[in-house]
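Here is a set of questions and answers on how the parts of one protein chain pack together. Have the sequence and the structure at hand while reading.

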Amino acid sequence: MTFSPPSSVFSSVREAFSLSGRVAVITGGAGLLGEMHARVIAEAGGFPVLADTRGEAAVKLANDIQKEFQGSALGVGVDITQKQEVVGLRDAVLEKFGRLDILINNAANNPKVEDETGDAWTRFEKFPIDAWNDDLAVGLTGAFLCSQVLGVEMAQRGKGVIINISSDLGVIAPDQRLYAKDGILSDKQPVKSVTYSVTKTALLGLTRYLASYWAGQGVRVNALCPGGVETGQSIEFKKRLQQQIPLSRMAQKEEYQGAILFLASDASSYMTGSTLVVDGGRTCW
C-alpha cells in the first residue's frame with residue numbers, strides 16, 4: 001500500500017510542527033529527559049502520557065504539565081518489561097483519549113560510573129549477569145514490548161510515529177578515560193557499563209527493522225542520539241568531556257526538545273529508519 005504525503009505539506013511551518021490533539025506515550029516519563037519530551041509535546045498541542053515505574057511521580061508531573069499548558073496529560077505507573085502491564089498502558093490511553101499517535105521509547109537504566117571503593121563493579125570482567133539482564137530488560141526489551149503493543153495499535157490505524165532514544169554511545173564507544181580516578185589501579189578503575197552501549201546500539205537496529213516493517217502501514221520510526229546532559233557532574237569530568245566536543249560543552253536538558261518535536265511531527269514526514277545525532281559534534285571527531 002502506498003501512502004500519500006500528509007495534507008499539511010505544508011500550508012505553514014506552524015502547521016507542520018503542530019501536534020494538536022495527538023497522543024504521545026513517553027516511557028521513563030518521570031525522568032530528566034522524559035519530562036522535557038512531555039513538555040514539548042504539550043506545548044505543541046499534544047497530550048503526553050508519562051509512563052514510569054515511579055507511578056506517583058508520573059501522575060504528579062502529568063498534573064503539573066496539564067495545569068501549565070491547559071491541556072490534557074496522563075501519568076501511569078507501569079513496568080514496561082512486563083507485556084501485560086504494557087497492554088494495560090495501551091488500554092488506559094485508549095480509554096482516556098481514544099487514540100494513540102506517538103511512542104517515545106525513552107526508558108533506560110544508566111548505572112552510575114562513580115565508585116568510591118576503588119573496586120568498580122561496572123568493569124566488564126566483573127559485571128553481574130543480573131545487572132546485564134535488568135538493564136537490557138528495561139532499555140531494550142521494554143522498547144520491544146512497547147513497540148509491539150503500542151506500535152501495532154498505530155499500524156492498525158494507518159498512522160503513527162515511534163522515536164527510540166538512543167545515545168551518542170549508540171554510535172561510538174565510551175572513552176573510559178573520562179571516568180579515570182587518580183590513585184586507583186588500572187584494573188580497578190570505574191568505567192561506563194557495557195549494557196548502556198549494547199542497549200543504545202541495539203535500539204538503532206530496532207529502529208531500522210521497524211521502519212521497514214511498518215512503512216506500508218504509515219508508521220514512521222526514527223532514533224534520536226543525544227549527547228550527555230549537564231546534571232552536576234564533577235568539574236574534572238566535564239573538562240575532559242568538553243575537550244571531545246566541538247561545541248565545548250555538555251547539553252542542557254531542554255536542548256533536545258526541538259529534535260523531539262521535529263521527529264514527532266509532520267515536519268519529518270519523509271523521514272523514517274534514520275538516526276538523528278544531536279551531540280554538540282562529539283561524534284564528528
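Q: Which residues in helix 8 do Met36, His37, Arg39, Val40 and Ile41 in helix 2 meet?
A: The model is predicted, and contacts are read from its atoms. On the side of helix 2, the contact is made by Met36, His37, Arg39, Val40 and Ile41. Their partners in helix 8 are Gln257, Ile260, Leu261 and Ala264.

Q: How many nonpolar residues does the contact of helix 2 with helix 8 have?
A: Sorted by class, this contact has two polar residues and one charged residue. The nonpolar residues in it number six.

Q: Are helix 2 and helix 8 roughly parallel or oblique to each other?
A: The axes of helix 2 (residues 32-43) and helix 8 (residues 257-264) come within 9 Å. They cross at roughly 55 degrees, and the crossing is right-handed. Angles under 35 degrees count as roughly parallel and those from 65 to 115 as roughly perpendicular. Helix 2 and helix 8 are therefore oblique.

Q: How many of the eight residues of helix 8 are buried?
A: Helix 8 is mostly covered. Its buried residues are Gln257, Ala259, Ile260, Leu261, Leu263 and Ala264. They pack against several elements, including helix 1 (13-17), helix 2 and strand 7 (275-278). The number of buried residues in helix 8 is six.

Q: At roughly what angle do the axes of helix 4 and helix 5 cross?
A: Helix 4 passes helix 5 in a right-handed crossing. Among the residues that make the contact are Val86 and Leu89 of helix 4 and Val149 and Leu150 of helix 5. The contact divides into eight nonpolar, one polar and three charged residues. The axes come within 9 Å, and the angle is roughly 30 degrees.

How values were computed:
Residues numbered from 1 in each chain as written. Predicted model: local features only at pLDDT ≥ 70, side-chain atom pairs only at ≥ 80, totals over all residues. Heavy atoms only, no water. Axes fitted to C-alpha atoms, helices over the stretch in contact; angles between N-to-C directions. Helix = DSSP H or I, 4+ residues; strand = E, 2+ residues; numbered from the N terminus. Parallel < 35°, antiparallel > 145°, perpendicular 65-115°, else oblique. Left-handed = near helix turned anticlockwise from the far one by under 90°. Contact = heavy atoms within 4.5 Å. Nonpolar A, V, L, I, M, F, W, Y, C, P; charged D, E, K, R; others polar. Buried < 20%, exposed > 50% of the residue type's maximum accessible area, 1.4 Å probe, protein only.
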